Amino acid sequence: MSIWTRITEALSALTAGEGLSAVFDRLRTPPERSVGFAIAVIALSAKMAKADGRVTRSEVMAFREVFHIAPEDEAGAARVFNLARQDVAGFDVYARRIQSMFRDQPETLYDLMEGLFHIAMADGLYHEAEAAFLEQVAEIFELPPARFAALRARAVPNQKCDPYTVLGVECGADLATTRAAWRKLVRENHPDVLMSRGLPEEAIGMAQKRLIEINRAWDEIQETTTSGAA
């Protein structure tokens, strides 16, 4: 059974008049959490699109990079997106329900934020409305500012002190500290670890992209440090 079939079943359980946010209260334990994660990404993406005022083709393609959607499942994904856009509940209601669902797995909230950044940056621009939206969601998720900055640095080009920020260390940190941070991030972002956090298999592509940026930052720091020593 695909995750999209399970999503359709979750939506079918909604009673007349219930908003999409009610789904999150019913998906608190594995394996339902992977369904909740997928619905959360779709729902918050829809709210972000509403804040931005438009949905571009590049954003749709970026979403497809996060979740591989078979043709027969497209209707289910579209239904979640449209339910979220039409729901009178604000994005903050969604974000608080999701934060409550993953309260004991804060790393999953970080994974979710990365998916939102990936979609927001699909057109190559970090729009003011998207930036405000993501900052507010991160605050509701209670993500530490340094973690949010690292996530933003990986997603948004030309961030100040980019490679160090990507690894979550202070600018100019010594090589041993930086190496330890890099190794920790590599361990934490192994596909098996991500799936154990409830990240659906369809979304592992995000982690692969994340590791590329983490390794690129480490390589840049090593190169700069070595050149400076020479």
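Author: Glu 142 lies in the loop between helix 7 (128-141) and helix 8 (145-155), helices being DSSP runs of H or I with at least four residues, numbered from the N terminus. This is a predicted model, in which local features need pLDDT of at least 70 and side-chain atom pairs count only at pLDDT 80 or more, whereas totals for chains, interfaces and linings use all residues. Residues are numbered from 1 along each chain as its sequence is written, and side-chain values use heavy atoms, without hydrogens or water.

The phi of Glu 142 is near 60°, a positive value in a residue other than glycine. Glu 142 counts as exposed because its relative accessibility is 57%, the cut-offs being over 50% for exposed and under 20% for buried, with a 1.4 Å probe and protein chains only.

Phe 141, by contrast, belongs to the largest nonpolar core, where Phe 141, Ile 39 and Met 113 touch the most other members among 51 residues; such a core joins buried Ala, Val, Leu, Ile, Met, Phe, Trp, Tyr and Cys residues through side-chain atoms within 4.5 Å. Helix 7 and helix 8 are among the helices that each supply at least two residues of this core, while helix 2 gives the most, with eleven.

As for confidence, helix 7 has the highest mean pLDDT among the elements of the chain (92) and helix 3 (residues 57-66) the lowest (65), on the predictor's per-residue scale from 0 to 100. The mean pLDDT of the chain is 79, and 80% of its residues reach 70 or more. Where pLDDT is low, the predicted coordinates should not be read in detail.
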